[in-house]
Each structure stands twice: as structure tokens, then as C-alpha cells.
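Here is a friendly walk through one chain, from its overall build down to a handful of residues. Have the sequence and the 3D view open side by side as you read.

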Amino acid sequence: MSSTKVAVIDVGSNTIKLLVAEATTDKALKVVHQASMPIRIGSGIGRDQPALADESMKAGVETIQELLEAAKAHLATSVRLVATGAVRDAHNGNEFSLQVQDATGLPLHVLTGQEEANGIALGLLSDPALSSRNDFLACDLGGGSLELVSIEGRFPKKTISLPLGAVRLTEKFVSNPQEPIPDCETKEIAKEVKHTLTQSEFSIPKNASILVATGGSFYTARSILAKREEVSFEKRSILTRDDFLALLEETASLNLEERYRHFPGLPPNRADVMVAAFVCIIELLEYAQVSTALNSLRNLRYGIAAKLLA
């Protein structure tokens, strides 16, 4: 008897990702296949009136169709398409949703910030590496938004979604991402992040001693440091505030071409937004009053897959 396989396609601001998963006999989540496509659907979300560009929507639809073929090849019996901050906030997000449905025959579920945060929480709680942690602050830093989740007693007690994604902050505050980023612009990003976090009044779990973090920016930082230190990716799951301060200083001082040379393997859709991402992470660690982050690869699509399998 074949097992039930589900597929989740997550249309993020900076990437579109596929996860095909199935449940094991002990009801854990087993990854069958995953893929990530560097398509920036969220270009334009930093404007006062966010809008998705026509070429971005076209590329997004084509990528979703390609990933659906991969899901079909892996015999997924149930497929869910979801979109987050970029589509949610764009005034023409509904137009993109209609284009996706016309092309695929499937609805694109545009998640609310609350739904997104809840899905991230469920995904993180499926991570075996976190099974012994009962109380922690979790975050997912994407291109369009930052989700925070307060986990207490292994239950998501409070969630929030904030407009602090790396693409959004870059478009809003960086005048020329192709060139070195001046201190005045990184300070403006830091000011915006600090103000937004403070205004949110998001409460940190009392027993939280570490930030559990997911999202492409944390993954990229982990990959860079693992390669530089010649250690395995698995062994570099802990990232410190000092790590991010050093990475910020380096990336901000380089132009785009120099960043590619300096950081081998840096994804093309990350190089221009990493400065804003690092500033956001540093301010978040300070707000949470913790000095380290634990990178988990379990995120939104894992949470949605777990829910589908349940």
C-alpha cells in the first residue's frame, strides 16, 4: 500500500519553494522532495503602494507550474499553494492569484499574517532538533515580512507578522543595492526595525535563552560561515550576534559584484538584500535580549504539510 504524499508550494517574496512530504509510522514528517526557485515575486513591495510587477507575476506563474510538475512526478495526492507577504500586501495581489488559478486550476491561498505565523510555529514544532525545547522565541525572516512566535510549553502562545522583510527594507531604505551600503542607510534600517518591534509590544517568553530562526537569510548566513570555517552545514546551526555583526560589516562594505566573489555560493536573489537582513537580525536579537540564534530548516511549508497529513 502506497503512503499518502502531500505537496506544498510556498510563494514567498524572494523565492518559491516546493515541499513533498509524507507521514512516517510514528506520525513524524518525512521529506520526499524539496526544491527552491530564486524568483523574486515581491519586487516593488517596499513602495508606499506595493504592487507586483508584470514580469514578476509571469515568472511566478511559470515557476509554480514547473514545481507542480515536480510534485506530480513524486506522486503527491494533495497539493496546496500558499502565498505570503508580497502577494498579501500588493494592491494587485488578487490579479496574481487569478493568474495562478487560470494557469493551474488550483487556488492560491493568500495567508494572513496570523495564518503564516501559525504555520511557521507548527513547522518548527515538527523539528526533531527542537523536541527538548519547551519555551522559545521563534522567527521567520522573509523578503516581505518578519514573523515572531512565542512558544511556551511547546504551544504557540502568541504570534505576530511585521512588515520587516529583507526585500521590503532594502527597497525602502537602500538607494543603490549594487554599491556599498553607507552607514546612514544601515542606521535608518536599524531605526525602522527597532521602532516596529518596540511598537509591536511583542512579549518574549520568560525562559527563552535563544532565538529559533528560520528563513532564507539565516540559511544563507549559516552556509557562508560553514564554508568559510570548513565545517559541515549541520555543525553550524548556532549563529551568534557577533557572527551577524561581522557579516554586516563585510557585506555593507562591498558592491554587488564583490559580494559574489567574497561569498562563494551566495544566491543571486540574496546578495542585494543581505545587508538589510543582517541589520534586522541584529536588532531582533537585541530586542529579544539573546545573543544566539538556532537555525531550523522547518518552516511554513512544513507546518502546512503537517496539517495536511494530519
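## Contacts along the chain

Among contacts between residues at least 6 apart in sequence, 69% join residues at least 24 apart; a contact here means heavy atoms within 4.5 Å. Please keep in mind that this is a predicted model, where local features need pLDDT of at least 70, side-chain atom pairs count only at pLDDT 80 or more, and totals for chains, interfaces and linings use all residues. Residues are numbered from 1 along each chain as its sequence is written, and side-chain values use heavy atoms, with hydrogens and water left out.

## Overall build

The chain holds eleven helices and eleven strands, which are DSSP runs numbered from the N terminus (helices: H or I, at least four residues; strands: E, at least two). Its radius of gyration is 19 Å, close to the 19 Å from the globule rule for 310 residues, so the chain is as compact as a globular protein of that length. That radius is taken over C-alpha atoms, and the rule is 2.2 Å times the number of residues to the power 0.38. Along the principal axes, the C-alpha atoms fill a box of roughly 60 × 45 × 40 Å.

## Surface and charge

Of the 310 residues, 54% count as buried; buried means under 20% relative accessible area, exposed over 50%, and partly exposed in between (1.4 Å probe, protein chains only). The accessible surface comes to about 14,100 Å², and 50% of this belongs to carbon and sulfur atoms. These areas come from the Shrake-Rupley method with a 1.4 Å probe; for residues, only the protein chains shown count as cover.

On the charge side, there are 32 positive and 38 negative side chains, with the centres of the two sets 6 Å apart. Lys and Arg count as positive and Asp and Glu as negative, while His and the chain ends are not counted. Each charge is placed at NZ of Lys, CZ of Arg, CG of Asp or CD of Glu.

## Ser13, between two strands

Look next at the loop between strand E1 (5-11) and strand E2 (16-23), where you will find Ser13. This serine is buried, at 4% relative accessible area. Its side chain reaches the backbone nitrogen of Gly144 at 3.0 Å and that of Ala86 at 3.4 Å. Both are polar contacts, that is, pairs of N or O atoms within 3.5 Å; within protein, one must be able to donate a hydrogen and the other to accept it, and residues adjacent in sequence count only if both atoms are side-chain atoms.

Beyond four places in sequence, the contacts of Ser13 include Ile39, Arg40, Thr84 and Gly143.

## Ser253 and Phe263, either side of H9

Ser253 sits in the loop between helix H8 (241-252) and H9, and Phe263 in the loop between helix H9 (256-262) and helix H10 (274-288). Ser253 is partly exposed at 46%, whereas Phe263 is buried at 2%.

The side chain of Ser253 reaches the backbone oxygen of Glu249 at 3.3 Å. Leaving out neighbours within four places, Ser253 is in contact with Pro180 and Glu258, while Phe263 touches residues including Ile224, Arg228 and Leu247.

## Asp89 in helix H2

Finally, Asp89 belongs to helix H2 (residues 85-89) and is partly exposed at 33% relative accessibility. Setting aside neighbours within four places, Asp89 is in contact with Pro50 and Arg168.
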